[in-house]
Amino acid sequence: MELLVTIIILALIFDYINGFHDAANSIATIVSTRVLTPFQAVLWAAFFNFVAFFIAKYIIGGFGIANTVSKTVVEQYITLPIILAGVIAAITWNLITWWKGIPSSSSHTLIGGFAGAAIMANGFEAIQLNIILKIAAFIFLAPFIGMVIAFGFTLFVLYICRRAHTAEQWFKRLQLVSSALFSVGHGLNDSQKVMGIIAAAMIAAHSMGLGMGINSINDLPDWVAFSCFTAISLGTMSGGWKIVKTMGTRITKVTPLEGVIAETAGAFTLYITEMLKIPVSTTHTITGAIIGVGATKRLSAVRWGVTKSLMTAWILTIPVSGLLAAGVYFIVSLFI
């Protein structure tokens with residue numbers, strides 16, 4: 001029982017870290033265009049992170065992404081030490097990338113850690129390779145989709161606004177809407193990943209005959225979802241200013257019009273993947289959208305050197321997190 005409680009606490013800590021790590025995704029453009037101050041922006045984003053809970057529960061009617069994450073490892077191989085090692089590794093990698101100002105994927109960190117610990121314990125037969133490959137494919141598909149939507153949307157908006165003289169002021173106001181839309185998508189996507197990990201831990205606890213165990217993710221108590229959405233909202237309120245700088249200024253210079261388009265394109269991508277029940281990275285999504293916006297001016301407007309560094313970090317996230325988790329599991333198994 002104590003181990004399960006420890007895992008739940010650590011998972012919520014990870015969720016909190018995810019919030020301030022990924023706060024940049026939904027507020028970078030709105031801060032860089034000076035529509036809101038950094039403090040106002042994180043409060044705005046945090047509020048809509050939390051609104052996502054009610055949308056998922058009462059409008060969508062379920063938490064499909066949480067279900068996908070919980071099935072990353074074959075159920076019979078899921079144990080509490082495996083989940084503990086995965087969460088510790090995910091927290092470690094998230095803190096390292098936050099410290100370095102690298103907008104890596106918290107989603108893939110968590111999934112890589114979970115899978116890496118399971119492989120260390122039982123070999124490759126312990127993981128659902130088809131699910132992991134599908135998730136890994138969206139390392140490339142999510143930013144590409146965001147980029148294509150943003151590119152097309154930018155050309156369309158520039159065409160219809162070509163004679164408007166007050167468009168800049170309108171787009172500053174619209175950035176509040178687009179940022180809110182993206183924050184809802186962030187909450188929907190990222191909170192559910194932690195829910196999936198907690199569900200896996202509670203299912204493992206049930207198989208061990210421990211208290212607080214559940215038979216399936218459908219039995220997950222409401223307090224788990226509420227806690228996850230609350231934790232990510234509180235984390236978002238804490239900011240993440242190093243990553244804000246990378247996302248808001250280093251990839252390409254963003255105007256209010258371009259900020260609206262990037263956030264809206266990113267939000268659409270997140271909503272599509274929510275319907276597909278595929279956990280994706282909000283970081284990858286908004287980065288692709290910002291690149292798509294920049295590319296409409298000219299390809300040289302995008303700082304491809306920065307983009308290349310980001311993509312390297314994205315590709316490394318799952319294997320590095322997996323290796324970290326394998327090492328943590330080895331140490332944990334000596335004591336548990």
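A residue counts as buried when its relative accessible area is under 20%, and as exposed when that area is over 50%. Keep in mind that this is a predicted model.

With those cut-offs in hand, select Phe 48: its relative accessible area is 17%, so it's buried. Show both side chains and look at the rings: Phe 47 and Phe 48 form an edge-to-face aromatic pair, with 5.0 Å from centre to centre and 85° between the planes.

How many aromatic pairs does the structure hold? There are 10.

Next stop, a helix pair. Colour helix 4 (residues 80–100) and helix 5 (residues 106–122); the two pack with their axes 8 Å apart, at an angle of about 140°. That angle makes helix 4 oblique to helix 5. Turn the view to look at the crossing of helix 4 and helix 5, which is right-handed.

Now show side chains where they touch. On the helix 4 side, pick Ile 82, Ile 83, Ala 85, Gly 86, Ala 90, Trp 93 and Asn 94. Their partners in helix 5 are Ser 106, Thr 109, Leu 110, Gly 113, Phe 114, Ala 117, Ala 118, Ala 121 and Asn 122. Colour this contact of helix 4 with helix 5 by class and you'll get 10 nonpolar residues, six polar ones and no charged ones.

Methods
Residues numbered from 1 in each chain as written. Predicted model: local features only at pLDDT ≥ 70, side-chain atom pairs only at ≥ 80, totals over all residues. Heavy atoms only, no water. Axes fitted to C-alpha atoms, helices over the stretch in contact; angles between N-to-C directions. Helix = DSSP H or I, 4+ residues; strand = E, 2+ residues; numbered from the N terminus. Parallel < 35°, antiparallel > 145°, perpendicular 65-115°, else oblique. Left-handed = near helix turned anticlockwise from the far one by under 90°. Contact = heavy atoms within 4.5 Å. Nonpolar A, V, L, I, M, F, W, Y, C, P; charged D, E, K, R; others polar. Phe/Tyr/Trp six-rings, centres within 6.5 Å; stacked < 30°, edge-to-face > 60°. Buried < 20%, exposed > 50% of the residue type's maximum accessible area, 1.4 Å probe, protein only.
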